[in-house]
Amino acid sequence: MSAGRWFGGVLLLVLAGCQLQAGSDMPDGRQYQRDVEQWRAQRMTRLRAADGWLSYIGSGRLKPGIYSVGSAASNAVVLPTGPAQLGMLTISSDGSAKIDGHPGSSATLNGQPLRHARLRPGGGDNHEVSRIRFGSAEFYLVRSGNVLSWRCRDAGSPRRSSFRGIDHFPVEPAWRVVAHWQPFAKPLQTILLTSIGTPQPALVPGEAVFEVDGRSYRLQPALDAEAPPSKRLFFLFTDRTSGRETYGGARYLYAAESRDGTVVLDFNRAENPPCALTPHVICPIAPAVNRLDLAVTAGEKFQAMQQ
């Protein structure tokens, strides 16, 4: 999980029909439009990158046992690409994993021919993931809570070039909000649920309280409890558009951490989570406290997303 902290703040937006009234800190309209469009272009570049979310081509869950791995249909774990026989994967009851590479697979691990090796799964604070490479693709393991899974990604995935982009709500400067940050005396410990229902520990350092049309709302950011601290605040939220115009599980919003008691929340940069872009990854969804009874008509849409 990419994480930062919860957002807090006083947002003063006045709704007149479907029109938002700009606050006193409104940016220059034309320049702001260009800034948001540049952000969108950069996001598409990241998505289409060789290691971007669009490069995932396969995934599956693993339980303790011995699995034959490869692209041949006779394998227990069938890869969408790569050698017909990659090797024999053993998952122990304690969750540890090892692989015996198949002779002649041409696969490598850490730049060396794949033979016998223990595999480090990704997840949590483990950044030394064991990646088995073959051609333009790679195979590795990842842990989410008590669930162990495998992933396959390919820099040559056709989806990287065929993906035509994401639909958005029109850019509205009034959805760029200067919020008042209310930190907690001590971060709260909480549990987020992922898109497959597994628990993910998180810390909540504060909250935002804001108003729309005279009504008060609250949002809280999350810090990954198992990763190094981030300088960004990370918000997972849903709203009245969720499951209709936007992704149902959550949209993500990042903001710089507060230095003067305020946080800029730019809902025009609210984005789909990775699991809205590919079925091969797991991501946290919005907690109950961040389910807004409000239509946030800004940022990325989901139903109109071009595949």
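Reader: What is the mean pLDDT of the protein chain?
Author: The mean is 87, and 87% of residues reach 70 or more. pLDDT is the predictor's confidence in each residue, from 0 to 100. This is a predicted model: local features need pLDDT of at least 70, side-chain atom pairs count only at pLDDT 80 or more, and totals for chains, interfaces and linings use all residues. Residues are numbered from 1 along each chain as its sequence is written, and side-chain values use heavy atoms, leaving out hydrogens and water.

Reader: Where is the pLDDT below 50?
Author: Over residues 1–24. Beyond near neighbours in sequence, that stretch has 102 contacts in the model. Contact means heavy atoms within 4.5 Å.

Reader: Switching to S242. Where does it lie?
Author: S242 sits in the loop between strand 18 (232–237) and strand 19 (251–256). Strands are DSSP runs (E, at least two residues), numbered from the N terminus.

Reader: Is S242 buried or exposed?
Author: S242 is buried, at 18% relative accessible area. Buried means under 20%, exposed over 50%, partly exposed in between (1.4 Å probe, protein chains only).

Reader: Which residues does S242 touch?
Author: Y247 and G248, not counting residues up to four places away in sequence. Also, a polar atom of the S242 side chain lies 2.9 Å from the backbone nitrogen of D239.

Reader: And how many residues has the largest nonpolar core?
Author: It has 22. Such a core is a set of buried Ala, Val, Leu, Ile, Met, Phe, Trp, Tyr and Cys residues joined through side-chain atoms within 4.5 Å. L86, L89 and L141 are among those with the most contacts inside it. Another core, of 21 residues, lies apart from it and includes F235 and L253.

Methods
Helix = DSSP H or I, 4+ residues; strand = E, 2+ residues; numbered from the N terminus. Polar contact = N/O pair within 3.5 Å; in protein donor to acceptor, adjacent residues only side chain to side chain.
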